[in-house]
Protein chains: 2
Amino acid sequence: MLCAEIVAIGSELLTPDKTDTNSLWLTAALNEIGIEVKLKTTVGDDELRLEETIRDALSRSDIVITTGGLGPTEDDITRKVSAKALDRELVFKEELLEELRERFRAYGYEMPETNRSQAYVISGATILPNPNGSAVGMLVETDKKLLIVLPGPPREMKPMFRDHILPKLNETAPEIYVKRKTLKVSGMGESALDELIAPIYTAYKNPQTATLFNKTAIDIQLTAQGKTEEDADSLNQELAQKISEKLGVAVFSTIGEKMEEVVGKLLTQTGKTLSVAESCTGGLIGERLTNVSGSSKYFFEGAITYSNEAKTRALGVPKDLIDKHGAVSAEVAESMAVGMRERAKTDYAISVTGVAGPTGGTEEKPVGTVFVGYAVNSETRSLRLNLPGDRNLIRWRSSQAALDYLRRKILEAGDE
Amino acid sequence: MLCAEIVAIGSELLTPDKTDTNSLWLTAALNEIGIEVKLKTTVGDDELRLEETIRDALSRSDIVITTGGLGPTEDDITRKVSAKALDRELVFKEELLEELRERFRAYGYEMPETNRSQAYVISGATILPNPNGSAVGMLVETDKKLLIVLPGPPREMKPMFRDHILPKLNETAPEIYVKRKTLKVSGMGESALDELIAPIYTAYKNPQTATLFNKTAIDIQLTAQGKTEEDADSLNQELAQKISEKLGVAVFSTIGEKMEEVVGKLLTQTGKTLSVAESCTGGLIGERLTNVSGSSKYFFEGAITYSNEAKTRALGVPKDLIDKHGAVSAEVAESMAVGMRERAKTDYAISVTGVAGPTGGTEEKPVGTVFVGYAVNSETRSLRLNLPGDRNLIRWRSSQAALDYLRRKILEAGDE
């Protein structure tokens, strides 16, 4: 399998506000034809570092792609430095200068003298025309390595890559296709998960498996290589199947859906409706549910009952119950769910009440103590959680846990 | 001036969908104390490339910061490889293992054996505690160079850097201080804004000014350099003052606050209380308000009335009114706000009803048509908006507009 490195050039990419997005697009395009990106570098207008970066990249990878630094101004150094890194000269191309002059004339301008620098190319390079800008690209073949020099603006870089580089790489690249599949998991810790599934996935070199821990969800990412897309897909499918069997209901999506989309789909399939009563999540569950287009079919109403009075007034939670058990309690969570369900006349209601912090924790109920309530016609339940994290994360994890609880309940009901 | 390199580690960062955002935050933090970021590398779980990257970085830069790859699983290689790049050993710390065990116990779990790997640190490294996760960080000083090894999750990485690295770097006091100041603006387009303020900021070379368009908010970012922090701050302050005078109430924060924080502060200062009634935003306004710690003092209750029946039942919006004007109308927005305010017994209520799309638009009320309602004792108002963007953005912009409307109303009331 061929491997590539991407070098993004420009001091603006080393500021706090700019990130290199060209490399994401290039990665997708390269992956599709079976070329893996092994390393990405972002370097400023710094001749020594750029030269070292290009030399190192060529020494260890088959394909090196640079983006940016081909403009006409002083700090656009890619042309000069990439020639140096290859131990080649820059040569002046009269015909490029003519084209540049013509380009400016077409827009009614005289070419500024600074643009003259754009008529220099690396000796022996194939020139890649740029219909969308003044900087041509370059392709240099050396010792079975390829150096590809592209302009930075995406609307110049992308067509140049698509029209001139892809056909070239397709000639040399072996027929390997790379496909990814992601299993989304809830309700488990990362290491507990890994203990369960490592014996399965370590038996495979292809697909490769990575587990990514992200908020409460864990993504298990499978990356397979195959001689056809179908081959790669079926390799992923086989391993996904084994992992899914091991994890059971903890896998909530194998096609990249969010929890709220999975819950929405289950509600739609079963023709059921939902309302939510939120205290510490403050509207987050409603917000997540309604961010799914079409959610008005199953999600009718929510109550954000942040104060105790609101819990009593809006949801009929008895004041005595709050006084006796506290607003953060199993009893209040259940009462909120029951009250919400009655008010909204939905099949299901879920509720959340908890201590999101940073203040409000007690010895008995420290920050992170959260109760999820659940009500359906025949049953009222609650779940106590001790969630780690800051306020933001506790709130997010609470919303995920409430939605996951509902998901598991709907699945159970379906199994009966 | 000291220079730094940042190495982001993890194969997921070499996929088409993930980008390294830690480095942006680190760059801002480093710039502020006069340290320049000269190069950034993203490398996968690839031992040879990672070792070479760390060696190269240490050979040419004063400070090298790595993020990620410190988890307990097989593919988390940073610990091992960074030790190798320094020609040092990994040493096992019994006390770290005990802390890890204790950490798991506190959440009611037994520590999985895989986490044992997290008790190994580079010989001679200063251990950086991680209150937010199981992976400690490391600081290694060698030949006047610093290698700083941080975990990948931002909520673990950021406090560790702030609490343990910044004080250390501050000891090596630089001669130039870089300070940023951000003015946050609402209710204006980017070019209208620039036309107003360009004549002001173009007169300054220091601070430099950048306007960043982000959702409905526009950030005006000033970056000043000074011989002391105070010098840099006062340069920013002078220009910020001039721009603020020109823009007036459109500037909602000069100290980086979010809209919901500004609104919360105004409510606290004036001793007023708030409730919200949400249709198309589905809980987003409540979620944003309650994400501010201490919001329970002024935010009492919200209603997510997604269906028409819920609007009538929960808020007393007359069915006739909905039939006559439609659920997305000024009349219904106002009635929602009035009903919410009465139910929750708050000083203010705001409401939102709109077409977030992608479906549901009509010729008269296309996708993006949103009404914001506002009710206070003496006054009921509404505002019609035509918001561009996809579903997600329309919802976010609606929530911002509603909060901004309330903010302007509170300020007006204060001026009277």
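**Close-up views of a predicted two-chain model**

Of the 416 residues in chain A, 50% are buried, a residue being buried if 20 or more other C-beta atoms lie within 10 Å of its own, exposed if 12 or fewer, and partly exposed in between, with C-beta atoms placed from the backbone. This is a predicted model, in which local features need pLDDT of at least 70 and side-chain atom pairs count only at pLDDT 80 or more, while totals for chains, interfaces and linings use all residues. Residues are numbered from 1 along each chain as its sequence is written, and chains are lettered from A and ligands numbered from 1 in the order in which they are written.

**Figure 1. Overall form of chain A.** Chain A contains 13 helices and 17 strands; helices (H or I, at least four residues) and strands (E, at least two) are DSSP runs, numbered from the N terminus. The radius of gyration of chain A is 29 Å, well over the 22 Å that the globule rule gives for 416 residues, so the chain is more spread out than a compact globule. This radius is taken over C-alpha atoms, and the globule rule is 2.2 Å times the number of residues to the power 0.38. Along the principal axes, the C-alpha atoms of chain A fill a box of roughly 90 × 50 × 40 Å. Among contacts in chain A with a separation of 6 or more, 65% join residues 24 or more positions apart; two residues are in contact if their C-beta atoms, placed from the backbone, lie within 7 Å. The mean pLDDT of chain A is 92, and 98% of its residues reach 70 or more, pLDDT being the predictor's confidence in each residue, from 0 to 100. The model scores ipTM 0.72 and pTM 0.74.

Figure 2. Strand β1 (residues 3–9) of chain A is mostly covered, with 6 of its 7 residues buried. β1(A) pairs with β2(A) in the parallel sense over 7 bridges, where two strands pair if DSSP finds at least two bridges between them. Within this pairing, Ile9(A) stands opposite Val43(A) in β2(A). Strand β2 (residues 36–43) of chain A also pairs with strand β2 (residues 36–43) of chain B, in the antiparallel sense and over 5 bridges. In that pairing, Thr42(B) in β2(B) is the bridge partner of Lys40(A).

**Figure 3. The contact between chains A and B.** Chain A gives 64 residues to the contact and chain B gives 62 residues. The side of chain A that touches chain B has 25 nonpolar, 24 polar and 15 charged residues. In this classification, Ala, Val, Leu, Ile, Met, Phe, Trp, Tyr, Cys and Pro count as nonpolar, Asp, Glu, Lys and Arg as charged, and the others, Gly among them, as polar. Thr73(B) counts as buried because it has 21 C-beta neighbours inside 10 Å. Not counting residues up to four places away in sequence, Thr73(B) touches Asp194(A), Thr211(A) and Thr114(B).

**Figure 4. Helix α10 of chain A and its packing.** The buried residues of helix α10 (residues 308–315) of chain A are Ala310(A), Lys311(A), Ala314(A) and Leu315(A). Seen down the axis of α10(A), these buried residues fall within an arc of 105°, so they line one face of the helix; the arc is that of the directions from the helix axis to the C-beta atoms. An α-helix has 3.6 residues a turn, so residues three or four places apart point the same way. The buried residues of α10(A) pack against β13 (274–278), β14 (299–305), α11 (319–325) and α12 (330–344) of chain A, together with β14 (299–305) and α12 (330–344) of chain B. Gly316(A), with a positive phi near 70°, follows α10(A).

**Figure 5. Backbone features in loops.** Most residues other than glycine have a negative phi, and most peptide bonds are trans. Asp87(A), in the loop between α3 (78–85) and β4 (90–92) of chain A, has a positive phi near 55°. Asp87(A) is exposed, with 8 other C-beta atoms within 10 Å. Lys345(A) also has a positive phi, near 55°, and its place is in the loop between α12 and β15 (348–354) of chain A. In chain B, the peptide bond from Asn206(B) to Pro207(B) is cis, with omega near 5°. Pro207(B) is found in the loop between α6 (190–201) and β10 (208–214) of chain B.
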